[in-house]
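Have a look at the picture first, and then we'll go through it piece by piece.

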Amino acid sequence: MSSVRVLVGTRKGAFILTADGKRERWKVAGPHFAGWEIYHVTGSPADPNRLYASQSSGWFGQLIQRSDDGGVTWSPVGNSFVYEGIPGTHQWYDGTPHPWEFKRVWHLEPSLTDPDAVYAGVEDAALFRSSDGGATWSELAGLRGHGTGSSWQPGAGGMCLHTIILDPSDPKRIFIAISAAGAFRTDDGGVTWRPINRGLRSEQIPDPTAEVGHCVHRLAMHPARPGVLYMQKHWDVMRSRDAGDSWQEVSGNLPTDFGFTIDVHAHEPETIYVVPIKSDSEHFPLDGKLQVYRSRTGGDDWEALTKGLPQRDCYVNVLRDAMAVDDLDACGIYFGTTGGQVYASADGGESWNAIVRDLPAVLSVEVQTLP
Amino acid sequence: MIRVVLPAHLRTLARVAGETTVEVAGPATQRSVLDALESSYPVLRGTIRDHVTQRRRPFVRFFACERDLSHESPDAPLPDAVASGTEPLLVVGAMAGG
């Protein structure tokens, strides 16, 4: 029988949650790397026992951990992330130039085909790649150096490259997103990049339709429709049907279109999920009710999914990397909260249960579907 | 022989319990001790000082003999008591919340 392994990064360590395909009884293992911030834990699509974790701390900096046995044991690998050339400056919060400084790895994206190849999205925003299982890292400097980098600015969480999507139909095409710069695409394996933000509108920047400067919180794509992208922006849920060349707002009837995370059903490319958050100044659900919203039409028409979720006195947040789906026949949806709960639905979102309730604040959730 | 006391998280990373010791060829300085420490425990590279600039990370301090050596030159001699192994060099994570 198939099984699932949920990889959870938290403010104080990593946890691995496992269950069989029924997804009813869960084992919780951890904390791994206790006391450290684990921004992301993820597995290789090419070898599910190969895991990578980003381990960091304000005191002792960044480490990358690798497991070759599905998270039972871990070994530190390379942690030197050095920008290529003279890093230059980006904008600080007040608009003044600020030197590029490496702070941490937000997101790790393993190659679809090679367990030893993995990308790292870092703060201050840049994209790195390792081809030796994380031992050494090199910057794909064409992104930071393509021309608009000096105008990028940090979001409230820092100037982070938080989303990396590899196109399964075209190994040379990669999508990334940065807060607060926007979305970018390469069609040549990372040598050259261009902003893909046409159609985005952000009232928080001087030119609301500028080429860059948008606070994109998350991108999502279904592997069967690599030309269709979904975006949770600071405000607004957006969709592109042309690989990011243009975007349309699909917030529709959402009660608020602020939020952080967005994901796509494993078997229904038009079915997408968001967790609406009240506003950019109040990072919790509307009216204390935790609600996932689902659209079966690629946006615009949304329905609230509430069964099993707290509908009073709930003031947690769901961060950008904290939602994932499995690909069992009945698609499972998972998300973690800053209150330490990890919720799972084994029926596409119709009903929810907390796998675990009292972890440290959840930063990221990934799911592996195992044979 | 130089005695070094690491903070708890770095002891876990380096898989050492209690104090650790390093041998230093030549004068005992912050730089030579950290070079020796990172040579013995490569996992500590980047955790105490920056990979490139070799500057002490901001939330890391160096204490010894009831003195704060954090702002001494990395090439200044460590106190005789540290160089002789009588007293340890303390690598300390700054007290801060979280």
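A handy term to start with: two strands pair if DSSP finds at least two bridges between them. The strands themselves (E, at least two residues) and the helices (H or I, at least four residues) are DSSP runs, numbered from the N terminus. What you're looking at is a predicted model, in which local features need pLDDT of at least 70, side-chain atom pairs count only at pLDDT 80 or more, and totals for chains, interfaces and linings use all residues. Residues are numbered from 1 along each chain as its sequence is written, while chains are lettered from A and ligands numbered from 1 in the order in which they are written. The model scores ipTM 0.94 and pTM 0.97.

Let's begin with chain A, which has 0 helices and 30 strands. Its radius of gyration (taken over C-alpha atoms) is 19 Å, close to the 21 Å from the globule rule (2.2 Å times the number of residues to the power 0.38) for 371 residues, so chain A is as compact as a globular protein of that length. Along the principal axes, its C-alpha trace spans about 50 × 45 × 40 Å.

Now pick out strand β23 (residues 272-274) of chain A: 3 bridges join it to strand β24 (residues 292-295) of chain A, and the two run antiparallel. Across that pairing, Y273(A) stands opposite R294(A) in β24(A). Both strands sit in an open sheet of 4 strands, ordered β22-β23-β24-β25 (chain A), with antiparallel pairing. β22 (262-264) and β25 (303-305) of chain A are at the edges with a single partner strand each, so one side of each has no neighbour in the sheet.

Elsewhere in chain A, strand β4 (residues 37-43) is mostly covered, with 7 of its 7 residues buried. 6 bridges join β4(A) to strand β5 (residues 51-57) of chain A, which run antiparallel, and H40(A) stands opposite S54(A) in β5(A).

H222(A) is found in the loop between β18 (216-221) and β19 (229-233) of chain A, and it is buried because 22 other C-beta atoms lie within 10 Å. The C-alpha atoms of H222(A) and P269(A) are separated by 5.5 Å, though the two are 47 residues apart along the chain. Leaving out residues up to four places away in sequence, H222(A) touches V228(A), V264(A) and P269(A); here a contact is a pair whose C-beta atoms, placed from the backbone, lie within 7 Å.

On to chain B, with 3 helices and 5 strands that run β-α-β-α-β-β-α-β from the N terminus on. The C-alpha atoms of chain B fill a box of roughly 35 × 25 × 25 Å, taken along the principal axes. Of its 98 residues, 27% count as buried.

Definitions and conventions. Buried ≥ 20, exposed ≤ 12 C-beta atoms within 10 Å, placed from the backbone. Contact = placed C-beta atoms within 7 Å.
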